[in-house]
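Please look over the sequence and the model together before reading on. The paragraphs below walk through a few places in the fold, one after another.

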Amino acid sequence: MVCVLLGSGFEEAEALVPADLLRRAGVEVALVALQGTEVTGGHGITVKADISLDQVDPGSIEMIFLPGGLGGVEAISSCPQALELIRRLYADGRYVAAICAAPTILAKLGLLAGKRAVCYPGMEAQMSNAILQNSTPIVTDGILVTGEAAGSAFSFGLKLVELLKGPAISEKVRESVHYHG
């Protein structure tokens, strides 16, 4: 299962486009609210989560995905239970993915030390322990996947599909949505 953590103020496109592409590929995806069942994104779109964070079974997660949006990033950063889940999954060798402002969470946790990564332009100072790759919108370094911004959501989602289901399925999903990026 892919666990998509949603904190109030998350960037809707960064969360929902990859979640949609993963589901099209047959991947089980859970939209996980930090608390409650509804979460409002940074642009006023309210999403009904599949489960809340306290219902997550860490053993069933093959990837955790953190969308950006400054409010969502702040909410995740302020949630000890979310931070512990991220640490645990990384330590267990599970995929950890983050896009836009969310890679700064990984940097603060020390997970990007010496790792290649990208983040939203202008947030590089919060990524001091990463090896920044600003020339590319998606960076994979082992089990870590980072993306630049909302404009990268389709490419990012397709990379997640590729990692979990292989290049042929990723290509099939890309073709099915007529993505030409």
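**Salt bridges, buried side chains and a helix pair**

E84 and R87 both belong to helix α3 (residues 80-91), where they sit three residues apart, about one turn of the helix; helices here are DSSP runs of H or I with at least four residues, strands are runs of E with at least two, and both are numbered from the N terminus. The model is a predicted one, in which local features need pLDDT of at least 70 and side-chain atom pairs count only at pLDDT 80 or more, while totals for chains, interfaces and linings use all residues. Residues are numbered from 1 along each chain as its sequence is written, and side-chain values use heavy atoms, with hydrogens and water left out.

The side chains of E84 and R87 meet in a salt bridge, with N to O at 3.6 Å; the term stands for a side-chain nitrogen of Lys or Arg within 4 Å of a carboxyl oxygen of Asp or Glu. E84 has a relative accessible area of 45% and is therefore partly exposed, and R87, at 37%, is also partly exposed.

The structure holds seven salt bridges, and another of them joins the side chains of D20 and R24, at 2.6 Å from N to O. Because D20 and R24 are four residues apart in helix α1, about one helical turn separates them. D20 is partly exposed at 34%, and R24 is partly exposed at 49%.

A further salt bridge, between the side chains of R116 and D141, has an N to O distance of 3.8 Å. This pair links distant parts of the chain, for R116 lies in strand β8 (residues 116-117) and D141 in strand β10 (residues 138-141), 25 residues apart.

Apart from neighbours within four places in sequence, E14 is in contact with F65, P67, G68, G69, I99, C100, A149, A150 and A153, where contact means heavy atoms within 4.5 Å. A polar atom of the E14 side chain lies 2.9 Å from the backbone nitrogen of A150. E14 and G157 are 143 residues apart in sequence, yet their C-alpha atoms are 8.7 Å apart in space.

T104, in helix α4 (residues 103-108), is likewise buried, at 1% relative accessibility. A polar atom of its side chain lies 2.6 Å from the backbone oxygen of A101. Leaving aside neighbours within four places in sequence, T104 is in contact with V73, M123, Q126 and M127.

The last stop is a pair of helices. Two packed helices are described by the angle between their axes and the distance between the axes. Helix α5 (residues 153-165) and helix α6 (residues 167-176) pack at an angle of about 145 degrees, with their axes 7 Å apart; axes are lines fitted to C-alpha atoms, for helices over the stretch in contact, and angles run from 0 to 180 degrees between N-to-C directions. L158, V161, E162 and K165 of α5 make the contact with P167, I169, S170, V173 and R174 of α6.

How values were computed: Polar contact = N/O pair within 3.5 Å; in protein donor to acceptor, adjacent residues only side chain to side chain. Buried < 20%, exposed > 50% of the residue type's maximum accessible area, 1.4 Å probe, protein only.
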